Amino acid sequence: MAGSLALVALLGVALFPRRVVGWFGGGGQATTAPAAESERPRTSPGAEPDLRPTLTEPFRGPPAARWADGAAGITVPAARATGWMDKAQATRAPARSKEFLVAAGLDTRVLRGERPSKAIAVLNPRQKDVQHYLRAALSAKTPTPETDPLLLFSRFRPDPARLVGDVVKTRGRLSYREGKRGAVEVTADVTFVYPVTPAEGEVLQTIARREVVMSWDDPSKAVTEPGTISLLSYALDMTNGGCSAPTGYFVPPFGNTQHTDQTHRVDPYDRSKPVDKSDGVRPASGNCATATRS
């Protein structure tokens, strides 16, 4: 097994003033897609007009409107021999890691709350702590922050929230380096934007930024199943996903856009900083809190 798992749950800002209704602005602005993200941006995207999304324009307004659709927004680096892998093997490692992210965050069946079987199939079945998490996360009626399936998988209950259309916007990248015992360590930092609506037709964007560190272990030096990954850490920062106790599903706060806390605003589109993994609990907008655990 590739080291012990570091678990981070950032149950982030659900709503905060201005940006929650304004991230969706359009108003004739240019929608040219930015270049693929190969490294962390140096600056934040900046403020956008305060225009609401609609059923016909669920990504109304940049920056999400300019992002790529689905898997196309996740950049895979060029291959190079690393650790125990030659160049050909190192080509497959990031590609297979991307498959995990797609299966966990974009699979339409998983988004409807079904079991993330394709994503689980990529995980090392011999990594006991992760397998314990999976059993607890996908079987518990009332998950805890440590066993919340949202840490890895995007899920909505179809009754209160359904996706608008079949497009999820993404932006992110994978990088890799040599890890312990010659393993190939892949780090993914990806933001997913899900436009959702209740029966009444209101549209919100649930935004999930995940940072996942995966290890492709040398089978001769670690307890692993060939072709699978071990998880070293994972973190979630979510917006418009719910602020109450974990339910195992995103819970968009439809009908509630009047938060006025200006002190702890977090821009979910700002990828210029890493996901916050600071220890302890600090206040966030509205009635939410950002909790961390390592």
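With which side chain does the side chain of N124 make a polar contact at 3.1 Å? The partner is the side chain of S230, and a polar contact here is a pair of N or O atoms within 3.5 Å; within protein, one must be able to donate a hydrogen and the other to accept it, and residues adjacent in sequence count only if both atoms are side-chain atoms. The model is a predicted one, so to speak of local features takes pLDDT of at least 70, and side-chain atom pairs count only at pLDDT 80 or more, while totals for chains, interfaces and linings use all residues. Residues are numbered from 1 along each chain as its sequence is written, and side-chain values use heavy atoms, with hydrogens and water left out.

Back to N124, which lies in the loop between α4 and α5. Helices (H or I, at least four residues) and strands (E, at least two) are DSSP runs, numbered from the N terminus. The side chain of N124 also makes a polar contact with the side chain of T224, at 3.5 Å. N124 counts as buried because its relative accessibility is 0%; buried means under 20% relative accessible area, exposed over 50% and partly exposed in between, with a 1.4 Å probe and protein chains only. Not counting residues up to four places away in sequence, N124 touches Q131, V223, T224, E225, T228, I229 and S230, where contact means heavy atoms within 4.5 Å.

Next comes helix α2. Its 19 residues (87-105) reach 28 Å from the first C-alpha to the last, close to the 27 Å expected at 1.5 Å a residue; the expected span is 1.5 Å times one less than the number of residues. At its start, a side-chain oxygen of D86 reaches to within 3.2 Å of the backbone nitrogen of A88. Buried residues of α2 include A90, P94, F100 and L101, and the buried residues of this helix pack against β3, α3, α4, β5, β6 and β7.

F100 turns up again in the largest nonpolar core, a set of 45 residues in which F100, Y194 and L231 touch the most other members. A nonpolar core is a set of buried Ala, Val, Leu, Ile, Met, Phe, Trp, Tyr and Cys residues joined through side-chain atoms within 4.5 Å. Elements that each supply at least two residues of this core include α2, α5 and β8, but the largest share, seven residues, comes from β6. Leaving aside neighbours within four places in sequence, F100 is in contact with A119, V122, L123, L152, M214 and I229. A second, separate core of six residues includes F59, A64, W67 and V193.

As for aromatics, a search of the whole structure finds six pairs. Rings of Phe, Tyr and Trp (its six-membered ring) pair if their centres lie within 6.5 Å; planes under 30 degrees apart count as stacked, over 60 as edge-to-face and the rest as tilted. F156 and F250 have ring centres 5.2 Å apart and planes at 50 degrees, so this pair is tilted. The two residues are 94 apart in the chain, F156 in the loop between α5 and β4 and F250 in the loop between β8 and β9. F192 and Y194, with centres 6.1 Å apart and planes at 10 degrees, are stacked. Ring pairs link F156, F192, Y194 and F250 into a cluster.
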